[in-house]
Amino acid sequence: MVVQDGRLNCASYALNIASWVMGGALGGVGAFLYLITHKMGAAINNELDPIMLVITALGGVLFIVSILGMCGACHRKSMLLSGFIAAMILVLLAQFAAVVIIFTFESSVHYYLGDGMGHSMLFYGKGGEQKKFTDAMDFIQETLKCCGKYGYMEYNTKNASNWLSTKAGSVPDSCCEKKTEECGKNKITNSDSSGLFTRGCYVETKAFLELYLTVIGGAALLFMFIQLLAVFVNIALHRRCKEHEDYQLQSKKVKEVKDKGDLKVTA
């Protein structure tokens, strides 16, 4: 019995440590992707920000909850284990919902990206409230080494009407391999694509988002399997700890009754 309890305790502690590591990883990756998708902003219709924030928050909660589980396993306290099990079940439910949303968005990324990047090209170069479209495209072009929605020549079409009306024949400086002031000036007019990113950003951004959404969704599913194991193992450990605590409580009561009886006999 003691050996079995020891193994159960070790399994619980190991799975809780694994959940703690996974919580940190999930929160870290979620925060990293939030920073990237937030800068892509208007080009993807700001659709991913809430999802990445939820993933980051879930990672943080899992990180903290796992510490509670480790404390419960270490000190063999049923109350701590009860709190851990209840919190972990809530995290699992929220995590499952987030995974469903992630894979649903992945299947629709072409729609949000097509619409957002289309508007970003259309209003590229405008100031005021429309500057968000320029900032989003600049970030994508510099980060993913691409230019325009479908290629650098698109900046000389009506798809980029604002840019065409003011800087026809040129491309934004963010399309240059080595960005300097006016490095993209007259590149289209002179039919000179040297030093430019020539690939379109739609395909590059779509591939980037689908890859990371698949990775984080798949990782979250794998983590859920391990978390589920942690819940079952900790339920078994909680039962053992509760039995032990009840036994100790009952032994204490019996001892108190016996002590009272001895006092009466002595008197």
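A pocket, found on a 1 Å grid over the protein atoms alone, is an open set of points with protein on both sides within 12 Å along at least five of seven lines, and its lining residues have an atom within 4 Å of a point. Welcome to this predicted model, where local features need pLDDT of at least 70, side-chain atom pairs count only at pLDDT 80 or more, and totals for chains, interfaces and linings use all residues. Residues are numbered from 1 along each chain as its sequence is written, and side-chain values use heavy atoms, with hydrogens and water left out. Below you will meet the largest pocket, three disulfides and a nonpolar surface patch.

**The largest pocket**

- The largest pocket holds about 170 Å³ of space, a volume being the space filled by probe spheres set on grid points that are joined across faces, edges and corners.
- Which residues lie nearest the centre of the largest pocket? They are Y124, G125, T134, W163 and K167, out of 14 residues that line the pocket.
- Helix 4 and helix 5 each supply at least two residues of this lining, where helices are DSSP runs (H or I, at least four residues) numbered from the N terminus.
- Helix 5 gives the most to the lining, with four residues.

**The disulfides**

- A disulfide is a covalent bond between the sulfur atoms of two cysteines.
- The structure holds three disulfides, each counted as a pair of cysteine sulfur atoms within 2.5 Å.
- Counting the bonded cysteines along the chain, the pattern of links is 1-6, 2-3, 4-5.
- C147 is joined to C175, at 2.0 Å from S to S, and the link is right-handed with 85° about the S-S bond.
- C147 lies in the loop between helix 4 and helix 5, and C175 in the loop between helix 5 and helix 6, so the two tie together parts that are 28 residues apart in sequence.
- C176 pairs with C183, at 2.2 Å from S to S, and this link is right-handed with 110° about the S-S bond.

**Buried and exposed cysteines**

- Buried means under 20% relative accessible area, exposed over 50%, and partly exposed in between (1.4 Å probe, protein chains only).
- Are C147 and C175 buried or exposed? Both are buried.
- C146 counts as buried at 0% relative accessibility, and C201 is buried with a relative accessible area of 0%.
- C176 is buried at 5%, as is C183 at 16%.
- C10 is exposed, with 54% relative accessible area, whereas C71 is partly exposed at 32%.

**The nonpolar surface patch**

- Y13, I17, W20, V21, F63, I64 and I67 make a nonpolar surface patch of about 600 Å². The elements giving two or more residues to this patch are helix 1 (2–40) and helix 2 (49–75).
- Patch residues have over 30% relative accessible area and no salt bridge, with nonpolar side chains (Val, Leu, Ile, Met, Phe, Trp, Tyr) joined within 5 Å and like charges within 9 Å.
- A salt bridge is a side-chain nitrogen of Lys or Arg within 4 Å of a carboxyl oxygen of Asp or Glu.
- Helix 1 contributes the largest share of the nonpolar patch, four residues.
- I17 is found in helix 1 and is partly exposed, with a relative accessible area of 33%.

How values were computed
Areas by Shrake-Rupley, 256 points an atom, 1.4 Å probe, with all protein chains shown as cover. 1 Å grid on protein atoms, 1.4 Å probe; cavity = no way out; pocket = protein on both sides within 12 Å on 5 of 7 lines; lining within 4 Å.
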